[in-house]
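Please read the following explanation with the sequence and the model side by side, turning to each element as it is named.

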Amino acid sequence: MRLGGPARFVIEIREESDIPEAYAFAKERDLPVYVLGEGSNIVGRDGGFDGVILVNKLLGMGEVAPEKDNKIQLWSASGEILDDFVRYSTKYGWSGIECLSAVPGTVGAAPVQNVGAYGQDIAQTLVNVDAYDTKTEKFVTLDAKKLDLGYRHSIFNSGDEIGRYFITKITVALEKKELKPPFYNSLQKYLDDNNIDEYTPENIRKAVHAVRTKLPNPEFIASSGSFFKNVYLDPEESIKAEKKGIPVWDGGKVPSGWLLENAGLKGKLIHGMRVWETASLVLVNESAKNYSDLDAARKEIIKTVEDKFGYTLEQEPMELGDE
């Protein structure tokens, strides 16, 4: 978002051995620690961060073991770009994470937010996560089943375990299989419009990249990606919503982008923040000067949607620093 104040210290982590040393550095000075990947899902506050930011630069990826029965496990260091890992997997025909193509950020961020797109999320293929446990000061392997993975949720971003682990590596289980339609709505439309009926992981990856061109690249445009979470309704609320003409997908999901667009916010500039013209769930910083501008825009947007539909949108990006 190109907002927020400075950090007191920044340390780049290039080897696993750097991790305990960095935490010791922070402990000696009684400072908090925050682990950062690409920063594509972070909003900085104006007061800055009076602590130590660890920038994850751990690299490497490969096979855990040779292919067997058209199945394989692949690993990736947490500092790799997630899209690079997806490209590596689809290149060899492995299916399971192809819809995560072009999702901004690092591999290590994927289990934190349980990142997902076009009907896939990392929880569907994640086997385990390797990490440094700051509580025991040891490197550990965490089984995916124990990570409480849900919609944009995990033990890494919720509850008592926040900040406990530095993720160093993830392992996913993929397979070679025929992909079958129908796919996620916008993805299926692209496939149909372009007469694509060979549903290989590589073709799906290319289609996802094409569909995602409507989203701003945070590397070049000040944005933190999808700013609001989708709204989830119970069965009774879903029926009421559908009667009002509100789209409800996957048994209870109301797309926040639809709510923003139909609340008349599409393309609007609000306190320096622009509701993106081709993807309304995304906010970009066009002229906001500080966190207060973002805060004012967020409040106005949430209130507009509440007044129109009665639903309260929740922010997806995490925040860092003092106000």
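The structure is a predicted model, in which local features need pLDDT of at least 70 and side-chain atom pairs count only at pLDDT 80 or more, while totals for chains, interfaces and linings use all residues. Residues are numbered from 1 along each chain as its sequence is written, and side-chain values use heavy atoms, with hydrogens and water left out.

An open sheet of five strands runs in the order E5-E6-E11-E9-E10, with antiparallel pairing; strands (E, at least two residues) and helices (H or I, at least four) are DSSP runs numbered from the N terminus, and two strands pair if DSSP finds at least two bridges between them. Its edges are formed by strand E5 (61-63) and E10, each of which pairs on one side only. On average, neighbouring strands of this sheet are turned by 20 degrees against each other, direction ignored. At one end, E5 and strand E6 (residues 71-77) are antiparallel and share three bridges, with Met61 standing opposite Ser76 in E6. E6 is in turn joined to E11 by seven bridges, again in antiparallel fashion, and here Lys71 has Glu175 of E11 as its bridge partner. Seven bridges also join E11 to strand E9 (residues 126-133), the two running antiparallel, and Ala131 is partnered there with Ile167 in E11.

Turning to the helices, the axes of helix H4 (residues 185-193) and helix H5 (residues 201-211) come within 10 Å and cross at roughly 110 degrees, where axes are lines fitted to C-alpha atoms, for helices over the stretch in contact, and angles run from 0 to 180 degrees between N-to-C directions. H4 is therefore roughly perpendicular to H5, a term that covers angles of 65 to 115 degrees. Ser186, Leu187, Tyr190 and Leu191 of H4 make the contact with Ile204, Ala207, Val208, Ala210 and Val211 of H5, contact meaning heavy atoms within 4.5 Å.

The whole structure holds 11 aromatic pairs, counted where rings of Phe, Tyr and Trp (its six-membered ring) have centres within 6.5 Å; planes under 30 degrees apart count as stacked, over 60 as edge-to-face and the rest as tilted. The rings of Tyr151 and Tyr232 have centres 4.9 Å apart and planes at 55 degrees, so this pair is tilted. Because Tyr151 lies in the loop between strand E10 (138-143) and strand E11 (165-175) and Tyr232 in strand E13 (residues 231-232), the pair ties together parts that are 81 residues apart in sequence. Tyr151 is partly exposed, at a relative accessible area of 29%, and Tyr232 is partly exposed at 46%; buried means under 20%, exposed over 50%, and partly exposed in between (1.4 Å probe, protein chains only). Elsewhere, ring pairs link Tyr23, Tyr132 and Phe139 into a cluster.

Two loop sites remain. Ser40, in the loop between strand E2 (33-36) and strand E3 (42-44), counts as buried at 15% relative accessibility. Apart from neighbours within four places in sequence, Ser40 contacts Pro104, Gly105, Pro218, Ser223, Ser224 and Gly225. Gly5, in the segment before strand E1 (7-13), counts as partly exposed at 32% relative accessibility. Gly5 and Asp46 are 41 residues apart in sequence, with their C-alpha atoms 4.7 Å apart in space.

Methods
Parallel < 35°, antiparallel > 145°, perpendicular 65-115°, else oblique.
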